[in-house]
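Welcome, and thanks for taking a look at this one with us. Please open the model below before reading on.

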Amino acid sequence: MTDQFGRAIRYMRLSITDRCNLRCRYCMPDGAALCRHSDLLTYEELLQVAEAAVGLGITRFKVTGGEPLVRRGCVEFLGRMKSLPGVEQVTLTTNGLLLEPLLPRLAAMGLDGVNISVDAADPAVYAAITGSDRLDAVLRAIRASVGSGIKTKLNCVLLEGCEGQIVPLARLAAGLAVDVRFIEVMPIGAGAASAGVSSEAALDILRAEWPDLHGVEEERGNGPARYYAGARLLGRVGMIDAVSHSFCRGCNRVRLTSTGWLKPCLCYGEGTDLRAVLRRSPEELPAALRRTVWGKPRAHCFKEAAEVTERNMMSGIGG
Ligand code: SAM
Ligand code: SF4
């Protein structure tokens, strides 16, 4: 369906848990409060939402978290999402730590893509950002994911002080058919206190290494990334720069938090409590979805941090 501004909404991000096995300092710092288990949507409830969304033309889904793979039954849930009638695409966003052994099953079920988040290529820097010394497992998962034939992309948040990681991360696209996307830090949750690097500054750093880097007009997913190619890069380099550029005119998505709050826009707290609808009057689900999609705001407000009304952490929202 379209929203009040004529944008076709076809894509939903589903956060299936607010738990995570990492503590990325810009997302879920140590001591972050967690919701009660009973407040999480059950897989049955998530499937009910997806079914209702498909009825409105939302046919592409990204399963996210927290870390989706720490929730028991995630792989089976992905399989059930894949077989829901009308679903065109199911992809997963993960920090990659638990991914490698699951890849054969994910490939067999026809998972349409996996995004792996990795903000540093140096183990010490990775540990300082995430609190984990398991970068090796993530790098192995990246190679195995590409090898499994699942379309694989990397997400790398641009953090101040970590500029030295930009070229080593992009270098992963030199030897592998993988898109490496750099993301500006958004002022949501702990991200509000994390200084970032702009996409322009990151591009300058990349161009010093690959002077032939040039923008390409290619449709490579559902998101707002702008892509760049270089003769010495097998994959593409991408920029997701919600802070320095607004791509709201082409926004195609809504988000469901792990507790069932349907968010029409990342930067505002407004939305609809689908968990209450599901548990009290499930027959109203399609109407609640339609109302929320229709009321999607025209644009986000990341340039005016004071206008951001979202108070949840990104780990509950799903990115
Ligand atoms: N744990 C999974 C992962 O890391 O991919 C899925 C959830 S995580 C919230 C989804 C994405 O959001 C990750 O790529 C993460 O780096 C990104 N993210 C989290 N907080 C952010 C922020 N404040 N600004 C920009 N991206 C953020
Ligand atoms: Fe966990 Fe992903 Fe947030 Fe890192 S970015 S703390 S991996 S949810």
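This is a predicted model: local features need pLDDT of at least 70, side-chain atom pairs count only at pLDDT 80 or more; totals for chains, interfaces and linings use all residues.

Residues are numbered from 1 along each chain as its sequence is written, chains are lettered from A and ligands numbered from 1 in the order in which they are written, and side-chain values use heavy atoms, with hydrogens and water left out.

**Around the ligands**

- Of the 21 residues around ligand 1, Tyr-26, Gly-66, Thr-93, Ser-117 and Met-186 come nearest; a residue counts as near if one of its heavy atoms lies within 4 Å.
- A polar side-chain atom of Ser-117 lies 2.5 Å from an oxygen atom of ligand 1, and an N or O atom in the side chain of Tyr-26 is 2.9 Å from an oxygen atom of this ligand.
- The backbone takes part too: a polar backbone atom of Thr-94 is 3.4 Å from an oxygen atom of ligand 1.

**Aromatic rings**

- The structure holds one aromatic pair (ring centres of Phe, Tyr or the six-membered ring of Trp within 6.5 Å).
- Its members are Tyr-43 and Phe-77, with centres 4.8 Å apart and planes at 20°, so they are stacked (planes under 30 degrees apart).
- Tyr-43 lies in helix H1 (residues 43–55) and Phe-77 in helix H2 (residues 74–82), so the pair ties together parts that are 34 residues apart in sequence (helices are DSSP runs of H or I, at least four residues, and strands are E runs of at least two, numbered from the N terminus).
- Both Tyr-43 and Phe-77 are buried (under 20% relative accessible area, with a 1.4 Å probe and protein chains only).
- The charged end of Arg-71 sits over the ring of Tyr-43, 4.2 Å from its centre (NZ of Lys or CZ of Arg within 6 Å of the ring centre and within 35 degrees of the ring normal).
- Arg-220 likewise has its charged end over the ring of Tyr-227, 5.6 Å from the centre.

**Asp-3**

- Asp-3 is placed in the segment before strand S1 (11–15) and is buried, with a relative accessible area of 2%.
- Its side chain reaches the backbone nitrogen of Phe-5 at 2.9 Å.
- Leaving aside neighbours within four places in sequence, Asp-3 is in contact with Ile-9, Val-293, Trp-294 and Lys-296 (heavy atoms within 4.5 Å).

Definitions and conventions: Buried means under 20% relative accessible area, exposed over 50%, partly exposed in between (1.4 Å probe, protein chains only). A polar contact is a pair of N or O atoms within 3.5 Å; within protein, one must be able to donate a hydrogen and the other to accept it, and residues adjacent in sequence count only if both atoms are side-chain atoms. Rings of Phe, Tyr and Trp (its six-membered ring) pair if their centres lie within 6.5 Å; planes under 30 degrees apart count as stacked, over 60 as edge-to-face and the rest as tilted.
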